[in-house]
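Have the structure open and follow along.

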Amino acid sequence: MPVFFKHVMAVLCWPARWVSWLTLPLIVTILLSVVLAKMGQNSLIAWDDPIPVLGRGLTVNSLFDVQWYIFALLVLFGGVWALRDDRHVSVDFLSLMMSPRQRLWVRMLGDLFFLLPFCVIIAWYGWNFAGVAWRTAEASTQGGLNSRWLIKAVVPLSFGMLALLGLTRAIGTAIQLAKGDLTEDIR
């Protein structure tokens with residue numbers, strides 16, 4: 001894989017590297033919400049004027065929302081990183097029977113004809129999904145977080161990044177095949 005394409009893929013993985021640190025706050029919010037729920041405590045802090053995203057207070061339901069927001073970020077951006085590092089689901093018993101050239105062809109064609117169209121469809125419809133949440137001021141109905149459009153906007157963003165990574169990897173693989181370079185290292 002040409003060095004330029006490796007650098008582009010590394011840049012596309014930066015958000016996943018940053019988001020991976022949210023695992024620690026995820027653990028803290030899970031522990032805190034379990035302890036507070038066991039104690040029968042729901043409202044943690046309340047204030048008069050609404051604050052963006054938080055609303056008028058912080059509750060156990062807000063912590064639950066934070067948990068699924070963090071989990072969504074981990075999954076969505078982590079998928080980009082997993083694809084770059086070739087840690088995604090694959091059919092290994094078929095892959096092991098292929099030559100390096102065949103594996104590169106399958107990777108390139110899979111990126112172009114399966115991954116790319118799927119990502120484009122999800123990103124395209126995801127913008128409308130986030131737009132509806134923005135226009136309707138969608139918020140938690142259970143006293144959790146406001147501004148659901150923020151997390152919903154991550155869907156098209158992450159799938160757009162996944163599409164860019166897939167396209168970058170397909171172009172880099174095509175260059176490799178043209179040069180006769182059969183190494184499969186993409187990092």
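**How the helices pack**

Helices α6 and α7 cross each other in a left-handed way. Keep in mind that this is a predicted model. Two packed helices can be described with the angle between their axes and the distance between those axes, and that's how we'll look at the pairs here.

**α6 and α7**
- Helix α6 covers residues 100–135, and helix α7 covers residues 149–179.
- Their axes are 7 Å apart, and the packing angle is about 160°.
- Angles over 145 degrees count as roughly antiparallel, so α6 is roughly antiparallel to α7.
- What kinds of residues make up the contact of α6 with α7? It has 26 nonpolar residues, plus five polar and five charged ones.

**α1 and α7**
- Helix α7 also packs with α1, which spans residues 3–12.
- This time the angle is about 165° and the axes are 10 Å apart.
- That angle makes α1 roughly antiparallel to α7.
- The crossing of α1 and α7 is left-handed.

**A nonpolar patch on the surface**
- Look at the surface for a nonpolar patch formed by Trp105, Leu109, Leu112, Phe113, Phe114, Leu167 and Ile171.
- Together, these residues have about 680 Å² of accessible area.
- Both α6 and α7 give two or more residues to the patch.
- Which helix gives the largest share? That's α6, with five residues.
- Trp105 is one of the patch residues, and you'll find Trp105 in helix α6.

Conventions: Residues are numbered from 1 along each chain as its sequence is written. This is a predicted model: local features need pLDDT of at least 70, side-chain atom pairs count only at pLDDT 80 or more; totals for chains, interfaces and linings use all residues. Side-chain values use heavy atoms; hydrogens and water are left out. Axes are lines fitted to C-alpha atoms, for helices over the stretch in contact, and angles run from 0 to 180 degrees between N-to-C directions. Helices (H or I, at least four residues) and strands (E, at least two) are DSSP runs, numbered from the N terminus. Angles under 35 degrees count as roughly parallel, over 145 as roughly antiparallel, 65 to 115 as roughly perpendicular and the rest as oblique. A crossing is left-handed if the near helix is turned anticlockwise from the far one by less than a right angle, and right-handed if clockwise. Ala, Val, Leu, Ile, Met, Phe, Trp, Tyr, Cys and Pro count as nonpolar, Asp, Glu, Lys and Arg as charged, and the others, Gly among them, as polar. Patches are made of residues with over 30% relative accessible area and no salt bridge: like charges are joined within 9 Å, nonpolar side chains (Val, Leu, Ile, Met, Phe, Trp, Tyr) within 5 Å. Accessible areas come from the Shrake-Rupley method with a 1.4 Å probe; for residues, only the protein chains shown count as cover. A salt bridge is a side-chain nitrogen of Lys or Arg within 4 Å of a carboxyl oxygen of Asp or Glu.
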